[in-house]
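Please read it alongside the sequence and the coordinates.

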Amino acid sequence: MTDKPIVVALDYDNKADALTLIDKLDPAMCRLKIGKEMFTLFGPTLVKDIHNRNFDLFLDLKFHDIPNTVAKAVSAAADLGVWMTNVHASGGLAMMQAAKNALKSHGKDAPLLIAVTVLTSMSDEDLALLGINVPAFEHVLRLAKLTHQAELDGVVCSAQEAKLLKSTFGEDFKLVTPGIRPAGSDAGDQHRIMTPPQAIAVGSDYLVIGRPITKAVDPLAALTAIHQSLQTQV
Ligand SMILES: O=c1ccn([C@@H]2O[C@H](COP(=O)(O)O)[C@@H](O)[C@H]2O)c(=O)[nH]1
């Protein structure tokens, strides 16, 4: 199992609430993620606040635009010193290659760069509405192949595709899996889900977990329970 596989997704509209939770967490137990909501509301200052608390930060902005624009956005994310950032694989090979090239000048300080395949909220039926008439796992595999060809560090996928992707691309290709739900917890808008121990067992490197922790009555207890459920299976 990867060192510190849990990435807590902070989707708050209130910075004080987010910092209250962060101040209860231990950077030795988890990494953090902020996405479009928190970055739009609180910007690079929030990134600094999180870095000052010694957490690795995944800046989940899922860039998807023309290659030149995405390259500049990824470079700006790298300038913030984040641990990981991402683009949409659907932006295509040239876009992903431009993003990767933009990180060359950051050398060893470059963040991990991964690409979103098929959002974990999407089912086969949702894909069919877009004219994609193959099961989600096939489209994930197709986009992961493109991502691998562009020499990115890995993909965002669901844990349901993890076994297939690990056996196809090998151990070094990182699998970052949202749609993680402890047994009995509410799936919400997520479709392709798996429990934390199952996700690790099938090859997920990083488990992105939001509401099962942040909406719990006791978020620290929820995180600790998930952390312990992973330790017992090592
Ligand atoms: O395919 C994807 C890509 C990103 N996400 C993000 O992960 C978290 C999941 O939060 P939960 O509350 O655990 O559902 C959220 O920030 C999404 O933007 C994803 O879910 N699926």
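With ring centres required to lie within 6.5 Å, the count comes to two aromatic pairs. The model is a predicted one. A pair of aromatic rings is described by the distance of the centres and the angle of the planes.

**Aromatic pairs**

- The ring centres of Trp83 and Tyr206 are 5.0 Å apart and the planes stand at 80 degrees, so this pair is edge-to-face.
- Trp83 and Tyr206 are 123 residues apart, and their pair links distant parts of the chain: Trp83 belongs to the loop between α3 (67-79) and β4 (84-88), Tyr206 to strand β8 (residues 206-209).
- Trp83 and Tyr206 are both buried.
- For Phe169 and Phe173 the centres are 5.0 Å apart and the planes are at 45 degrees, so the pair is tilted.
- Phe169 has 14% relative accessibility and therefore counts as buried; Phe173, at 4%, also counts as buried.

**Ligand surroundings**

- The ligand is surrounded by 16 residues, and the closest are Asp11, Thr120, Arg181, Gln190 and Arg211.
- At least two residues of this shell come from each of β3 (57-63), β8 and α9 (211-214).
- The largest pocket is the space taken by the ligand.

**Polar contacts and cover**

- A side-chain N or O atom of Lys33 is 2.8 Å from an oxygen atom of the ligand.
- Thr120 places a polar side-chain atom 2.7 Å from a ligand nitrogen atom.
- Arg211 has a polar side-chain atom 2.7 Å from an oxygen atom of the ligand.
- On its own the ligand has 460 Å² of accessible area, of which the protein covers 87%.

Conventions: Residues are numbered from 1 along each chain as its sequence is written. This is a predicted model: local features need pLDDT of at least 70, side-chain atom pairs count only at pLDDT 80 or more; totals for chains, interfaces and linings use all residues. Side-chain values use heavy atoms; hydrogens and water are left out. Rings of Phe, Tyr and Trp (its six-membered ring) pair if their centres lie within 6.5 Å; planes under 30 degrees apart count as stacked, over 60 as edge-to-face and the rest as tilted. Helices (H or I, at least four residues) and strands (E, at least two) are DSSP runs, numbered from the N terminus. Buried means under 20% relative accessible area, exposed over 50%, partly exposed in between (1.4 Å probe, protein chains only). A residue is near a molecule or strand if one of its heavy atoms lies within 4 Å of it. A polar contact is a pair of N or O atoms within 3.5 Å; within protein, one must be able to donate a hydrogen and the other to accept it, and residues adjacent in sequence count only if both atoms are side-chain atoms. Accessible areas come from the Shrake-Rupley method with a 1.4 Å probe; for residues, only the protein chains shown count as cover. On a 1 Å grid over the protein atoms alone, a cavity is a set of points where a 1.4 Å probe fits but cannot get out, and a pocket is an open set with protein on both sides within 12 Å along at least five of seven lines; lining residues have an atom within 4 Å of a point. A molecule sits in a cavity or pocket if more than half of its atoms lie within 2 Å of its grid points.
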